[in-house]
Amino acid sequence: MAQLSLYRPGSSPLHKLNPLTKLAVMACCLGAAFGFPNPYWVVGFYLLFTLSLAAWGGMLKPFLVQNAKLILPFFLSLFIIQGFFYGGATVLFPLGPFSYTLEGVEVAFGFTVRILQAIAGMTLFIFSTRPDHLMLALQKHGFPHQAMYLVVTTMQIIPQFQNKALAILEAQQARGLETQGNLIVRLKALFPMVVPMILGSLIDIDERAIALESRAFSKPGPKTSLIEIPDSETQKILRWCLVAAGLLLVVWRAL
Amino acid sequence: MTKTIAHLTDFSFSYAGSGTKAIQEINLAIKEGELIGVIGPSGAGKSTLGYALSGFIPHFFTGDLSGNQQLFGQETSQTPLSELAGRTGMVVQNPFNQISGARYTVREEVAFGLENLGTDRKLMDKRVNETLERFKLASLRDRSPYELSGGQQQRLALASILAMEPDLLILDEPTSQLDPAGAEEVFESVHTLTETSSTTVVLISHKLEWLAEVADRILVLVAGRIRGQGPPREILTQPDLEPWGIGSTQYTRAARLASSAADTSQPALPVTLDQAVGFFKPWI
């Protein structure tokens with residue numbers, strides 16, 4: 001099923017961690033990305049800590065593929081722009097009026113590894129955490145369930161609405177609506193597509209609200225959960241340690 | 001004595017911004033354990049009646065209301081909707097809109113209402129498993145609700161409400177947006193419900209053959225007014241139904257044609273397959 005979430009189902013120890021612990025891991029990864037003064041330390045952290053966690057979560061290959069996909073545009077733009085325009089005395093090669101310098105490459109390398117580590121921390125979290133589990137964990141700590149509902153539902157329903165939009169597009173095309181061509185043709189096609197979508201959605205809202213109320217959505221009082229989100233004292237301590245480590249790294253760099 | 005679950009007395013309602021009454025002067029008492037079929041042409045006020053019986057009128061749909069409206073012995077207007085949730089349940093036409101969107105598997109979807117009611121996890125687990133078995137959803141338990149067919153989604157919507165064990169269930173044309181196979185799945189689920197529970201059900205539908213099989217009482221609604229109510233065979237064989245655009249069951253139509261062709265008059269026309277077999281036996 002199409003979803004906005006990039007969660008990859010699994011039963012690894014990483015998957016089984018409390019979502020808040022994984023959130024703390026992400027905070028630590030972000031702290032390491034931007035906190036270590038030397039970019040080579042960031043590389044070391046990525047290789048030793050982040051990749052080990054990805055392997056522990058049984059998702060090393062898709063994790064690396066995702067990292068590569070996301071870092072590639074940064075890598076290309078940073079190495080080109082910084083290499084040519086940062087300046088510096090050590091010219092690696094000239095290109096017309098421009099010089100590609102070692103100093104520029106070093107700056108680009110620093111930015112790239114920090115971004116890579118930040119992306120990796122977030123990927124680790126997103127790949128191993130089901131959004132509704134995160135919401136349940138947050139709800140347990142007092143976050144309003146209506147807000148949690150909105151976040152999780154959006155992730156599941158937007159792809160469904162995309163399908164609906166596609167169905168409307170096909171239906172209107174079947175009635176002879178021109179949707180291909182220049183800007184004016186496309187703008188003209190927008191109206192017969194948007195109107196059924198909005199009207200349909202307004203009708204859907206009533207039914208959806210009735211369905212939710214029938215399921216006691218707005219009933220006051222404590223909610224329970226079928227799913228047990230695992231947690232332990234060890235994980236609670238670990239969370240604090242990870243967040244503190246991330247913060248310390250950032251403070252260290254700032255000082 | 002059987003308890004009255006819902007009671008409407010001289011009840012009329014018009015939606016806010018609408019000058020016309022969607023339902024008017026309705027007098028209806030629904031007894032515990034009854035299965036009432038509601039029929040009528042489009043725009044007759046069937047859904048409005050369903051909303052009035054479930055408490056969505058006046059709490060969700062506002063407008064001009066007159067008469068008396070009671071649910072479970074209390075004035076509906078005095079009982080918050082959140083308090084009625086769990087006691088009344090409503091299944092609407094579009095199965096897709098009834099998927100909460102907040103849960104990732106069929107099993108969790110069934111539990112969603114129970115979670116909102118604050119049901120203990122152990123009891124919830126038991127009820128969810130029982131409901132999945134009862135509505136033949138157990139094999140789909142780990143699937144995403146969005147991966148199911150329309151019929152399966154509507155069965156899931158029904159199961160999700162019934163897991164909450166409501167006293168009164170309103171089914172508002174639950175098969176109208178389904179293909180014949182999907183509709184058949186829902187028919188089977190309602191049969192399962194009638195056989196295995198004493199839940200009071202109000203079933204709004206155009207499928208007269210289905211209503212004839214399951215309903216204890218049929219209520220005819222035309223232009224917002226009740227035009228008749230009684231046992232299925234008595235109501236569904238009335239010639240008045242045709243001019244109101246309601247029609248009659250295929251068994252009744254066949255029997256009527258056969259009777260007129262044979263120039264004989266039989267005392268009671270059939271509305272179900274069993275009755276039709278009995279009716280046509282003398283001709284075979």
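In the predicted model, B:Ala6 stands opposite B:Ile30 of strand S2 of chain B, where strands, like helices, are DSSP runs numbered from the N terminus (E, at least two residues, for strands; H or I, at least four residues, for helices). Strand S1 (residues 4-15) of chain B and S2(B) pair in the antiparallel sense over six bridges, two strands being taken to pair if DSSP finds at least two bridges between them. Eight bridges join S1(B) to S4(B), again with antiparallel direction, and B:Tyr15 has B:Gly63 as its bridge partner in S4(B). S4(B) and S5(B) are likewise antiparallel and are joined by two bridges, with B:Gln74 in S5(B) as the bridge partner of B:Leu71. These two strands form a hairpin with two residues between them, and B:Phe72 in the turn has a positive phi of about 55°.

In chain A, A:Thr112 is found in helix H5 (residues 102-128). Residues up to four places away in sequence not being counted, A:Thr112 touches A:Ile71, A:Phe75, A:Leu78 and A:Phe79.

Between the chains, 38 residues of chain A are in contact with 46 residues of chain B. The area buried between chain A and chain B is about 3,600 Å², of which carbon and sulfur atoms give 56%, buried area being the accessible area (1.4 Å probe) that two parts lose on being put together, summed over both. In chain A, A:Ile210, A:Arg215 and A:Leu226 lose the most area to chain B, together 24% of what that side buries.

Residues are numbered from 1 along each chain as its sequence is written, and chains are lettered from A and ligands numbered from 1 in the order in which they are written. For this predicted model, local features need pLDDT of at least 70 and side-chain atom pairs count only at pLDDT 80 or more, whereas totals for chains, interfaces and linings use all residues, and side-chain values use heavy atoms, with hydrogens and water left out.

Methods
Contact = heavy atoms within 4.5 Å.
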